[in-house]
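My notes follow the order in which I checked them.

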Protein chains: 2
Amino acid sequence: MRISETASASGLSIDTIRYYEKLHLLPKIARGRDGRRDFSAENVEWLILLSSLRETGMPMERMRYFAQLYQRGNETLSERKAVLVDHAVHLDMRRAALDRCSELLAYKLKRYDEMTEDLS
Amino acid sequence: MRISETASASGLSIDTIRYYEKLHLLPKIARGRDGRRDFSAENVEWLILLSSLRETGMPMERMRYFAQLYQRGNETLSERKAVLVDHAVHLDMRRAALDRCSELLAYKLKRYDEMTEDLS
DNA sequence: TACCAAGCTGGAGCAGCTCTAGGTCAAGCG
DNA sequence: CGCTTGACCTAGAGCTGCTCCAGCTTGGTA
């Protein structure tokens, strides 16, 4: 798969994919004889996971650790599982932050409405 | 109120508060005769709002626009309202991203479990 | 055969903090 | 009264995580 297709499949930009490769967040990507990257289905699946983790706030350093586990193969499954379980907890915290913000916005909007009524 | 108290009340760091002031995201902050900042209750409330908006992904540029409206006073209430309503929509998108990530994690964890069972 | 889109690399630029160096000032202590 | 401590100040450097740019190569179409 070409890098442009991989980008739209994963939601990452082409530049970000190259950047992640440079940081060794990806396993070795095959190249065509013209030097272009050729992403496997597994590569794409991995990028979708990275994209989702990054989008929801996993720090780069943690992703690097996770990627190293991935590249060491099946012996690291339990450590990888721990990373994902931790991140699930983090998702709950983010959800709570969104909810707090929603509430605050609702309160502010109500106050704005009251203020515009008072003016009229 | 001192900057350290304001930081813990708003959830922003002291450095970030000073940075926001430099970018004119805050109205003019009073100073004591020793040159230290003295935040009013309204200042703190404003910082709590900014903190909440930033934490949930509002870009700096948008915050700057919002801050300018705020500093122009009550005539801008309807524009400010629009900013907050837009952001509420953005919150829903973020929630959806969290949910997609949760689902993906659940799927991956299930697969990990199947793989470790196969190994044993 | 000439072009154009898509890819490549190395490196600069940008957003949004975060940290550091080097200083001021007020309060508390001996 | 002098000394120390700690919270604050400023200007500016450094960091993360992209994002963009210049200048080049290649493969497919007319």
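**Surface near DNA strand D**

I sorted the surface near DNA strand D by residue class and got nine charged, five nonpolar and three polar residues. The model is a predicted one. I then listed the surroundings: 17 residues surround DNA strand D, and the closest are A:Tyr20, A:Arg54, A:Met60, B:Arg18 and B:Arg37.

Next I looked at which parts of the DNA face the protein. Of the atoms of DNA strand D within 4 Å of the protein, 73% belong to sugar or phosphate, and bases supply the rest.

- B:Arg18 has a polar side-chain atom 2.6 Å from a phosphate oxygen of DNA strand D.
- A:Met60 places a backbone N or O atom 3.2 Å from a phosphate oxygen of DNA strand D.
- A:Arg36 has a polar side-chain atom 3.1 Å from a base oxygen of DNA strand D.

For the elements, I found that α2 (14-22) of chain A and α1 of chain B each give two or more residues to the surface near DNA strand D. The largest share, four residues, comes from α2(A).

**Helix pair in chain B**

How do α1(B) and α3(B) pack, and at what angle? I read an angle of about 45° between helix α1 (residues 3-10) and helix α3 (residues 41-55) of chain B, with the axes 9 Å apart. The two helices are therefore oblique to each other. The crossing of α1(B) past α3(B) is right-handed.

I recorded the contact residues as B:Thr6, B:Ala9 and B:Ser10 from α1(B), and B:Val44, B:Leu47, B:Ile48 and B:Ser51 from α3(B). By class, this contact has four nonpolar, three polar and no charged residues.

Methods: Residues are numbered from 1 along each chain as its sequence is written. Chains are lettered from A and ligands numbered from 1 in the order in which they are written. This is a predicted model: local features need pLDDT of at least 70, side-chain atom pairs count only at pLDDT 80 or more; totals for chains, interfaces and linings use all residues. Side-chain values use heavy atoms; hydrogens and water are left out. Axes are lines fitted to C-alpha atoms, for helices over the stretch in contact, and angles run from 0 to 180 degrees between N-to-C directions. Angles under 35 degrees count as roughly parallel, over 145 as roughly antiparallel, 65 to 115 as roughly perpendicular and the rest as oblique. A crossing is left-handed if the near helix is turned anticlockwise from the far one by less than a right angle, and right-handed if clockwise. Contact means heavy atoms within 4.5 Å. Ala, Val, Leu, Ile, Met, Phe, Trp, Tyr, Cys and Pro count as nonpolar, Asp, Glu, Lys and Arg as charged, and the others, Gly among them, as polar. A residue is near a molecule or strand if one of its heavy atoms lies within 4 Å of it. A polar contact is a pair of N or O atoms within 3.5 Å; within protein, one must be able to donate a hydrogen and the other to accept it, and residues adjacent in sequence count only if both atoms are side-chain atoms.
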